[in-house]
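Trainee: Could you take me through one part of this model closely? I would like the residues placed one by one, with the cut-offs behind each term.

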Amino acid sequence: MEKCIVCEKPQKHGIHLYTSFICTDCEKAMVQTSTQDPTYQFYIKQLKVIKENKIYS
Ligand SMILES: [Zn+2]
């Protein structure tokens with residue numbers, strides 16, 4: 001199992017984005033979240049971490 005970068009829990013199913021892992025639940029939740037939703041800002045923040053890891057790795 002891999003640790004999801006959004007919910008930070010070990011999950012069996014999900015997608016790989018660069019070197020990071022996002023579980024199926026979080027991926028679905030992200031797609032369904034409105035940009036007006038404060039939760040969306042949390043996802044953006046988590047994704048920014050992925051991008052930064054990609055640049056510096
Ligand atoms: Zn997750």
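Mentor: Tyr43 is buried, at 8% relative accessibility. Buried means under 20% relative accessible area, exposed means over 50%, and partly exposed lies in between, using a 1.4 Å probe and protein chains only. Keep in mind that this is a predicted model: local features need pLDDT of at least 70, side-chain atom pairs count only at pLDDT 80 or more, and totals for chains, interfaces and linings use all residues. Residues are numbered from 1 along each chain as its sequence is written, and side-chain values use heavy atoms, with hydrogens and water left out.

Stay with the ring of Tyr43. Rings of Phe, Tyr and Trp (its six-membered ring) pair if their centres lie within 6.5 Å; planes under 30 degrees apart are stacked, over 60 edge-to-face, and the rest tilted. That rule gives 1 aromatic pair. Its members are Phe42 and Tyr43, in a tilted arrangement with 6.0 Å between centres and 55° between planes. Phe42 is partly exposed, at 35% relative accessible area.

Now take Thr33. Thr33 touches Tyr43, and also Thr39 and Tyr40, leaving aside residues up to four places away in sequence. Contact here means heavy atoms within 4.5 Å. Thr33 sits in the loop between α1 (24-32) and α2 (38-56). Helices (H or I, at least four residues) and strands (E, at least two) are DSSP runs, numbered from the N terminus.

One step back is Gln32, in helix α1. Gln32 is exposed, at 67% relative accessibility. From Gln32 to Phe42 is 10 residues in sequence and 14 Å between C-alpha atoms.

Next, the strands. Strand β3 (residues 14-17) and strand β4 (residues 20-23) pair antiparallel over 4 bridges. Two strands pair if DSSP finds at least two bridges between them. His16 faces Phe21 of β4 across the pair. Leu17 stands opposite Ser20. The hairpin has 2 residues between the strands, and Tyr18 there takes a positive phi near 55°. Thr19 is in that loop between β3 and β4. Thr19 is exposed, at 64% relative accessible area. The C-alpha atoms of Thr19 and Lys51 are 9.5 Å apart, though 32 residues separate them along the chain.

Ser20, in strand β4, is buried because its relative accessible area is 7%. Ser20 touches Ile5, Ile15 and Ile50, again leaving aside residues up to four places away in sequence. In a regular strand, side chains alternate between the two faces of the sheet. In β4 both faces are covered: Ser20 and Ile22 are buried on one side, Phe21 and Cys23 on the other.

The zinc ion is coordinated by the SG atoms of Cys4, Cys7, Cys23 and Cys26, at 2.3 Å. Donors are N, O and S atoms within 2.8 Å of the metal (3.2 Å for Na, K and Ca); water is not among the atoms, so sites may look incomplete. The spacing of the donor residues in sequence is C-x2-C-x15-C-x2-C. Cys23 and Cys26 are both buried. The arrangement is tetrahedral because the 4 donor atoms subtend angles of 100 to 117°. Four donors count as tetrahedral if all angles lie between 85 and 135 degrees; four count as square planar and six as octahedral if opposite donors are over 155 degrees apart and all others between 65 and 115; anything else is irregular.

Two loop residues remain. Glu8 is in the loop between β1 (2-3) and β2. Phi of Glu8 is positive, near 60°, in a residue other than glycine. Glu8 is exposed, at 51% relative accessible area. Lys12 is in the loop between β2 (10-11) and β3. Lys12 is also exposed, at 67%. Lys12 and Leu47 are 35 residues apart in sequence and 20 Å apart, C-alpha to C-alpha.
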